[in-house]
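Dear colleague,

Please find below the structure for your records. The findings follow directly after it.

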Amino acid sequence: MDGQPERCYAVEQLKFLQGAISDLMQGMVVQRAKVEKYKNTDLAAARDAFSMLQATRRNLVRAIGETRFLLMEIEEYQKAKTAAMLQAGLLRFDLMSNVYRPVYDTIQNFIKEFPVEGTANAAVIGRLMNNIRMGYYPTDPDNISLILRGIKFPEGVTTNLFDPCCGCGKALRQLAQGNNCYAYGVELDESRAEEAQTRLHRVGFGSFFFSQISYEAFHLLFLNPPYLSVLNESGNRARHEKRFLIESLPHLMYGGLLVYVIPYYRLTPDICRVLVDNFEGLTVWRFTDGEFKKFKQIAVMGLRKRRSDVLEDALWLEKYTVDPAKIPSLTEIPEDQYPLPAQPLEVKTFKGEKFNEKELEQQLRRCDSFAQLMARSELDKGVKRPLLPLSISQIGLIGGSGMINGLIECDTPHIIKGRIIKVTRMECEEQYAANGNHIGTEIRETITNKMIFNVLTPHGFRALT
């Protein structure tokens, strides 16, 4: 990317929250002092100060909660655990207490340890930013095998699988292979998209967000989006887990299965709300120990449903971020837990952002249009024999068009060529008056077509008119 390089959003946001949390804590101290000042002299002013104190605590708890997710994102798990403990402690804290100093000092010490201003783990940040630049997060094949165990493919029905950020296509190929599936993928990186074409049935080149793809045309949506937030050169925040989920969801049929692979700490309230509102039978599975230790990945699985006007509780899903040890392992997923709908679907539109020449070449190779075109050309060159004898007028018409123009194979082989010539005729008509006297001669010139067949036979040349 040209211009200003990308920066880790988590680090930038922590730097901002560091100042915001300090201001909020100081605000709580000032507002508590106002309550104390007015409680015996101005009850209305004391009530207003106490209301402000309550609002400031809510904002402080919310800000510390935001730091927890950001700290987990850059793999500062111990500090994230401290943030969760501070949240719980602040919610229990008696606002009318006179002992604010220990709380103030604890929070100040907490924010001083934020990994900003060069204190972040450079190796971790470097690796995470590398992944962002690559835009590539391949899913471990062993865990794909475990996910497969929980999926039941219908017999006698070809199912459509879709991955909007398919990479090299390995994960989707593993899901589709041997299960009577058509695998569709979209990939931003051209080299990976070309490799994916060797594994998947259809691959769209370019950004998924600018592709044209049929809605409700897929039985399974496999979604392993890019992780981590970055700030781009325009200063905008880029966060893809939620955007991919929202924009790819309409392509999945109702009753179709979502397999959503993200780090467990990205089960943020907004993402949990989208999942609970649009899917039923939701389950969360932790990747096997080795993979989970490296990438903290989980698989959220559920069947698409129609949205209801009544909001369901999403807190149970959010709680998985507090204690990931309680997330069951993929090794425990029941066999055939999620049956795919036994309903044939047609993907009428599947166009990537960029024109895919290689796909067009493959389609033309599979298509018999050119063969039919060549066959028609050969037919035009071949000998044509009428089904019934031709009449004299038909023979004249064919001869005049030049189609009788070559060797005639029969008992007496000959070469015949037809042509039309113009013939001019002069006609004279005598003109007489009413009394019978001769008054002159009218001369008329007429032009007619004359058909001539030139015939060359073993016995000589003849011209037939």
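Glu-195 and Arg-199 are joined through their side chains by a salt bridge at 2.9 Å, N to O; the term denotes a side-chain nitrogen of Lys or Arg within 4 Å of a carboxyl oxygen of Asp or Glu. Glu-195 is partly exposed at a relative accessible area of 30%, and Arg-199 is partly exposed at 24%. Here buried means under 20% relative accessible area, exposed over 50%, and partly exposed in between (1.4 Å probe, protein chains only).

This is a predicted model, in which local features need pLDDT of at least 70 and side-chain atom pairs count only at pLDDT 80 or more, while totals for chains, interfaces and linings use all residues. Residues are numbered from 1 along each chain as its sequence is written, and side-chain values use heavy atoms, with hydrogens and water left out.

The average pLDDT (the predictor's confidence in each residue, from 0 to 100) is 84, and 84% of the residues score at least 70. Residues 1-6 have a pLDDT below 50; this stretch makes 13 contacts (heavy atoms within 4.5 Å) in the model beyond near neighbours in sequence. Where pLDDT is low, the predicted coordinates should not be read in detail.

The structure has 13 salt bridges. Among them is the one between Lys-39 and Glu-36, with the closest N and O atoms 3.1 Å apart; Arg-32, Glu-36 and Lys-39 are linked in a network. Another joins Arg-307 to Asp-277 at 3.7 Å, N to O. This pair links distant parts of the chain, with Arg-307 in the loop between β12 and α12 and Asp-277 in helix α10, 30 residues apart. Helices (H or I, at least four residues) and strands (E, at least two) are DSSP runs, numbered from the N terminus. Arg-307 counts as exposed at 56% relative accessibility, whereas Asp-277 is buried at 9%.

Helix α10 (residues 269-278) is mostly covered, with seven of its ten residues buried. The cover over these buried residues includes α9 (240-248), β10 (252-263), β11 (279-286), β12 (297-304) and α12 (315-318).

Rings of Phe, Tyr and Trp (its six-membered ring) pair if their centres lie within 6.5 Å; planes under 30 degrees apart count as stacked, over 60 as edge-to-face and the rest as tilted. There are 13 aromatic pairs by this rule. Phe-162 and Phe-218 are stacked because their ring centres are 4.8 Å apart and their planes at 25°. Phe-162 lies in strand β3 (residues 159-163) and Phe-218 in strand β7 (residues 218-223), 56 residues apart.

Yours sincerely
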